[in-house]
Amino acid sequence: MVGYKFCERLAEKDIDNQFQITAFCEEPRPAYDRVQLSKYFSGTTADELLLAQIDWYAENGIELHIGDKAHKVDLASKTVYSEQGRKLSYDKLIFATGSAPFVPPVPGIEKDGVFVYRTIEDLDDTIAYGKKAKSCAIIGGGLLGLEAAKAAQDMGAETHVVEFAPRLMPRQLDEVGGEILKDIIESRGIKVHLNKATKNIAGDGKVEKMEFADTSSLDVDMIVVSAGIRPRDEVAKEAGLEIGERGGILVNDNLQTSDPDVYAIGECALYNKMIYGLVAPGYQMADVVAEQLVGRSASFTGADMSTKLKLIGTDVASFGDIEPKIPHKNITINDPVAGIYKNLFISENGEKLLGGILVGDADAYGTLLQMYQNDMKLPAEPIQLILPSGDGVVASGTNILDFPDTAQICSCENVTKGDICQVIDDGAQSISDIKSATKACTGCGGCTQLVTDLFKAKLKEAGIEVNNNVCEHFDMTRQDMYQTIRATGIQTYNEFLGRHGKGTEGCETCKPAVASILASTWNKPILEQPHILDTNDAFLANIQKDGTYSVIPRVPGGEITPDQIIVIGQVAKKYNLYSKITGGQRIDLLGAKLGDLPDIWRELIAAGFESGHAYAKSLRTIKSCVGSTWCRFGVQDSTSLAIKLELRYRGIRSPHKLKSAVSGCTRECAEAQSKDFGIIATEKGWNLYVCGNGGIKPRHADLLASDLDEATLIKYIDIFLMYYIKTADKLMRTSTWMDQLEGGLDHLKEVVINNSLGINEELEEQMAHLVNTYECEWQNTLADPEKLKRFNHFVNTDDDDETVVFAQQRTQIRPVDDSERAQSNAIKS
Amino acid sequence: MSNEWIPVGKTSDFTADLGGCVKVKDEQIAVYNVKEKTEWYAVQNLCPHDNRMVLSRGILGDCDGDGGFKVACPLHKHNFNIKTGEHISEGDVCDLKTYPVKIEDDTVYLQV
């Protein structure tokens, strides 16, 4: 990772193209995100973890040799030799060889079933063996060990963490913090064993049991070793560079080794007796060397090991000195019931922050880190910094605008407060804009809260009100409205406006927003409240440019019989409509007069059709390919599933339209990956993809879960849809929703698959209600003379609207265009 | 415009808080009601943005919080004050012709 970052930074800074960069890479793939490695177990592919695609290197003038270890360096002749026989001379050489997992020399460690946790190959081996394993023990309860524990749990194994020290994460947490973390982890089903030194690994050629120094033992089928790292300094050592006593390539403040033309960065470097095993310091080192190479002076003076991460669904953060030798005070919140622990180390005069630990709730991390790094004076009541604050805004007692402009907000990308303020002053409209302009929040994501707080504070300062209220008639966001309607049972817009809104008549924003929420909640026929409906819902038909309407009956899964095709054709001819096949695999009839809509639908419904909801912000269609029934490649019956799902979810209204598809194999003929939820068949079942989008801003769907059986698939879709309906903003597509969802895909997986919010039963019940109360709204309307009254152009006559005029094109009708209209108007007058 | 009041329907022919289109001589007129059918307004049905006969089908809303009301055209959501006919969205669009409305004996009358 650090090697890649160096290439990226040098490529950026080397505007005169002074340097030709060649990179040798031992692993068979370009740099990937080791920090997110655990995602590999829950479906993220190796390709998706790459920090840059292989094209990026060539595009930036970097020659990359993967799967070719540089195994010898001759300092005198400045030559590098690689395993595959390459020989290259250099002006400058950078070692970014990282580290290898330390494997303690325990008897039996060489047996089958013992793995390390560093490379994709390690993970592939672990996954393969894990298929037969029922239980897995992780040796090492530090950062990496706990990541590996989550991965083991995701594999379905009974998971144990075995730690030598008396507490988990001994370097980042204190005793109480470690205790609280242990409780949280055990509550998630992972067993924790502390004070355990592994003495022997027993088994007949393979792992069967771990035996500890205190004579206890643990039966396990496999072991993942995550007990520390050892720097990869073997090539440097053989070349004659100075190595530290316990390993690591010695470097000075410029990160030069004992040879001034050779640098070392990242985990392989030993600076001031420290090996920096975190990404942020490594990236800093990469930047320092790149700066020097382009002729500027830069030095590395150490980095703090502050870190904030999410372990097994829990936030943990640690910064500064958590064992201060100088006299100090502590401000502590210890809540074992809520699983929250915050401990600040403060100077004795109460003015400076020395360090801190946060477990369970690390929202204050950003602010605290800034205060610590910038040596800022603490507020009069420092406890305010860690008391819970309602909306995640910067802890009271501090004002992010007080931070100096030089304060480094994003350490991965070296973005200061001043940089961000500049971008906002230049017109950034959103966090996305700030991300694109500065790259802040794109590394580890730890600074996201702080960047958001700064953005909001700046807007407020400029007098721009930042709220997410639906419109001026309600002091509520869409989520507030949704919650209130469900909680109060309110059924009508008029009552809702009267009791919770302002003004008399509302507007064209809040009326449809509330109509949608009412429909998603109670599922009553929407024409009962015609005055609040959006343009198309108002007449259950899509209005066209000339005031006529389109008619689209539902064709579930795109499957239609010859007789049905004939009926649609006959209706189109009888009412002189224009017909066209839609992208959603059904048929569109256009040019219908408002007054003819009821008659048209009466005929369609008599023939067995029902509303296609093409006019609604709701489920539209679930496309399909012919699948295993007919196709020589299909592995599952995609058509039947698409029909089943479309009949299940038809009529469900949502913040925006929902489109879906089911493909019968990986060739993906139904284009499921561009859908709000898409399903692709595998040999074992179904893969579920979510939050894709065609349209103005295309987005590929993300893989939520794989190889699901039908029942689980439906359960996950139920929960996903109701969660989206519950939490999205008005008119927000699932793609936008995913992009702004805090925690992103990981969070969504936790919610849907692991029920991390504990609401899934409720969501499933809400979906069941919608499914059970479904009624075709055209059928409902045709039985109700009151609703039919509005389906006439005029109130006081049955005359047609004579301004609707058609011309001919390719044997069908079309609305007259502007010049034809002008002509006919001229003739009239 | 003559001083004649022309009946265009019963108040019950119109849906609450919505518009209805009436034909009077050669004109298409959008008739709106609000506040439980106690206030009525009438404007041309033709939306001048793209010259389409659709304004009667728009959503109604409060206008400027000063007791006024507006309609949003169903096609492109251009907003018009239904009392004064004024176009109040962005863009260079003409104002609407308005018509006096009165209710007598549950009947809607327009002056056209």
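Just after α10 of chain A, A:G427 takes a positive phi of about 115 degrees. Helices (H or I, at least four residues) and strands (E, at least two) are DSSP runs, numbered from the N terminus. The model is predicted: local features need pLDDT of at least 70, side-chain atom pairs count only at pLDDT 80 or more, and totals for chains, interfaces and linings use all residues. Residues are numbered from 1 along each chain as its sequence is written, while chains are lettered from A and ligands numbered from 1 in the order in which they are written.

**Helix α10 of chain A**

- Helix α10 covers residues 417–425 of chain A, and its buried residues are A:K417, A:D419, A:I420, A:V423 and A:I424.
- Buried means that 20 or more other C-beta atoms lie within 10 Å of the residue's own; exposed means 12 or fewer, and partly exposed lies in between, with C-beta atoms placed from the backbone.
- Seen down the axis of α10(A), the buried residues fall within an arc of 160 degrees, so they line one face of the helix.
- The arc is that of the directions from the helix axis to the C-beta atoms.
- These buried residues of α10(A) pack against β25 (408–410), β26 (415–416), α11 (431–438) and α12 (448–461) of chain A.
- Contact here means that the C-beta atoms of two residues, placed from the backbone, lie within 7 Å.

**Helix α23 of chain A**

- Helix α23 (residues 760–772) of chain A has 13 residues, which should span 18 Å at 1.5 Å a residue; its end C-alpha atoms are 18 Å apart, which agrees.
- The expected span is 1.5 Å times one less than the number of residues.
- Buried in α23(A) are A:N760, A:L763, A:Q766, A:M767 and A:L770.
- They line one face of the helix, because seen down the axis of α23(A) they fall within an arc of 120 degrees.
- The face turned away from the buried side of α23(A) carries the exposed residues A:E761, A:E765, A:A768 and A:N772.
- The packing partner of the buried residues of α23(A) is α20 (710–727) of chain A.

**Five-stranded sheet of chain A**

- Five strands of chain A form an open sheet in the order β31-β32-β33-β34-β35, with mixed pairing.
- Two strands pair if DSSP finds at least two bridges between them.
- β31 (619–624) and β35 (702–708) of chain A are the edge strands, each pairing on one side only.
- On average, neighbouring strands of this sheet are turned by 15 degrees against each other, direction ignored.
- Axes are lines fitted to C-alpha atoms, for helices over the stretch in contact, and angles run from 0 to 180 degrees between N-to-C directions.
- β31(A) pairs with strand β32 (residues 658–663) of chain A in the parallel sense, over four bridges.
- Within this pair, A:L619 stands opposite A:L658 in β32(A).
- Helix α19 (residues 638–649) of chain A lies across β31, β32 and β33 (677–681) of chain A and runs at about 170 degrees to β31(A).

**Three-stranded sheet of chain A**

- Three strands of chain A, in the order β12-β13-β14, form an open sheet with antiparallel pairing.
- Four bridges join β12(A) and strand β13 (residues 209–212) of chain A in the antiparallel sense.
- A:I201 stands opposite A:M210 in β13(A).

- Most residues other than glycine have a negative phi.
- A:L731 is not a glycine, yet its phi is positive, near 55 degrees.
- A:L731 is found in the loop between α20 and α21 (734–740) of chain A.
- A:L731 counts as partly exposed, with 16 C-beta neighbours inside 10 Å.
- B:E36, also not a glycine, has a positive phi of about 55 degrees.
- B:E36 lies in the loop between β3 (27–34) and β4 (39–44) of chain B.
- B:E36 is exposed, with 9 other C-beta atoms within 10 Å.

**Chains and their contact**

- Chain A has 26 helices and 37 strands.
- Of its 829 residues, 45% count as buried.
- Chain B has zero helices and twelve strands.
- Buried residues make up 46% of the 112 residues in chain B.
- The contact takes 28 residues from chain B and 23 residues from chain A.
- By class, the side of chain B that touches chain A has 15 nonpolar, five polar and eight charged residues.
- Ala, Val, Leu, Ile, Met, Phe, Trp, Tyr, Cys and Pro count as nonpolar, Asp, Glu, Lys and Arg as charged, and the others, Gly among them, as polar.
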